[in-house]
Amino acid sequence: MATTGIESCANCGSDGKCRRRDFSEQAWGVLLLWKEVQVSTVDQAICDGCYNELREVLIDRADEVEETLAEHGPGLLSAMKEEIASNKERKAS
Ligand SMILES: [Zn+2]
C-alpha cells in the first residue's frame, strides 16, 4: 500500500490529515452493516472529521454493536473480508 504523500479520506474524499484508524474488525463490520461506511473505506485512511463521526456512532450505538455482532457475528466479518478482497482485486487488475 502506498503511504507516501497526502492521502485523501476514503470516506469523504477530502485531503488532509488522513491516516488509518485503529477500529477493530468488529467496529468496521458494524459500521458497514449500518451503512455508515462503504466497503472501500474499511481499513483505509480517513480524516479526523470522519473518524470522530464514526467513533461517535459507535459510542452512541454501543448497545447495538453487541447485538449486531451477536446476530451477524462471524458471517458479517467474513463477508466483509471477502468484499475487501474482491475490491482489492478489482483495483489491481
Ligand atoms: Zn473524511
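Modeller: The discussion below moves from the overall fold to the helix packing, the core and the loop.

Biologist: What kind of model is this?

Modeller: This is a predicted model.

Biologist: How many helices and strands does the protein chain have, and in what order do the elements run?

Modeller: The protein chain contains 3 helices and 2 strands. Starting at the N terminus, the order is β-α-β-α-α.

Biologist: What radius of gyration does the protein chain have, against that of a compact globule?

Modeller: The protein chain has a radius of gyration of 14 Å; a compact globule of 93 residues would be near 12 Å, which agrees. Along the principal axes, the C-alpha atoms fill a box of roughly 40 × 30 × 20 Å.

Biologist: How much of the protein chain counts as buried?

Modeller: Of its 93 residues, 18% count as buried. As for contacts with a separation of 6 or more, 75% are between residues 24 or more positions apart.

Biologist: Turning to packing, how do helix 1 and helix 3 cross?

Modeller: The axes of helix 1 (residues 25-33) and helix 3 (residues 62-92) come within 9 Å and cross at roughly 95 degrees. That angle falls between 65 and 115 degrees, so helix 1 and helix 3 are roughly perpendicular to each other.

Biologist: Which residues make that contact?

Modeller: Helix 1 contributes Glu25, Gln26, Trp28, Gly29, Val30, Leu32 and Leu33, while helix 3 contributes Val65, Thr68, Leu69, His72, Leu76, Leu77 and Met80. By class, the contact has 9 nonpolar, 4 polar and 1 charged residues.

Biologist: And which residues of helix 1 are buried?

Modeller: Trp28, Gly29, Val30, Leu31 and Leu32 are the buried residues of helix 1. Their cover includes helix 2 (48-60) and helix 3.

Biologist: What about the largest nonpolar core: which residues touch the most other members?

Modeller: Among the 15 residues of that core, Cys9, Leu31, Leu32, Ile46, Cys47 and Cys50 touch the most other members. At least two residues each come from helix 1, strand 2 (45-46) and helix 2. Helix 1 provides the largest share, 4 residues. In soluble globular proteins, nonpolar side chains tend to be buried together.

Biologist: What is Leu31 in contact with, beyond its neighbours within four places in sequence?

Modeller: Leu31 is in contact with Glu36, Val37, Leu54 and Val57.

Biologist: Is Leu54 buried or exposed, and where is its place?

Modeller: Leu54 is placed in helix 2. It counts as buried because it has 21 C-beta neighbours inside 10 Å, and the threshold for burial is 20 or more. The C-alpha atoms of Leu54 and Leu31 are separated by 7.7 Å, although these residues lie 23 residues apart along the chain. Leaving out residues up to four places away in sequence, Leu54 touches Leu31, Glu36 and Val37.

Biologist: A change of topic: what is phi at Lys35?

Modeller: Lys35 has a positive phi of about 60 degrees, although it is not a glycine. Most residues other than glycine have a negative phi. With 7 C-beta neighbours inside 10 Å, Lys35 counts as exposed.

Biologist: And phi of Asp43?

Modeller: Asp43, also a residue other than glycine, has a positive phi near 65 degrees. Asp43 is found in the loop between helix 1 and strand 2. Asp43 counts as partly exposed, with 17 C-beta neighbours inside 10 Å.

Terms used:
Residues are numbered from 1 along each chain as its sequence is written. This is a predicted model: local features need pLDDT of at least 70, side-chain atom pairs count only at pLDDT 80 or more; totals for chains, interfaces and linings use all residues. The radius of gyration is taken over C-alpha atoms; the globule rule is 2.2 Å times the number of residues to the power 0.38. A residue is buried if 20 or more other C-beta atoms lie within 10 Å of its own, exposed if 12 or fewer, and partly exposed in between; C-beta atoms are placed from the backbone. Two residues are in contact if their C-beta atoms, placed from the backbone, lie within 7 Å. Axes are lines fitted to C-alpha atoms, for helices over the stretch in contact, and angles run from 0 to 180 degrees between N-to-C directions. Angles under 35 degrees count as roughly parallel, over 145 as roughly antiparallel, 65 to 115 as roughly perpendicular and the rest as oblique. Ala, Val, Leu, Ile, Met, Phe, Trp, Tyr, Cys and Pro count as nonpolar, Asp, Glu, Lys and Arg as charged, and the others, Gly among them, as polar. A nonpolar core is a set of buried Ala, Val, Leu, Ile, Met, Phe, Trp, Tyr and Cys residues joined through C-beta atoms within 7 Å.
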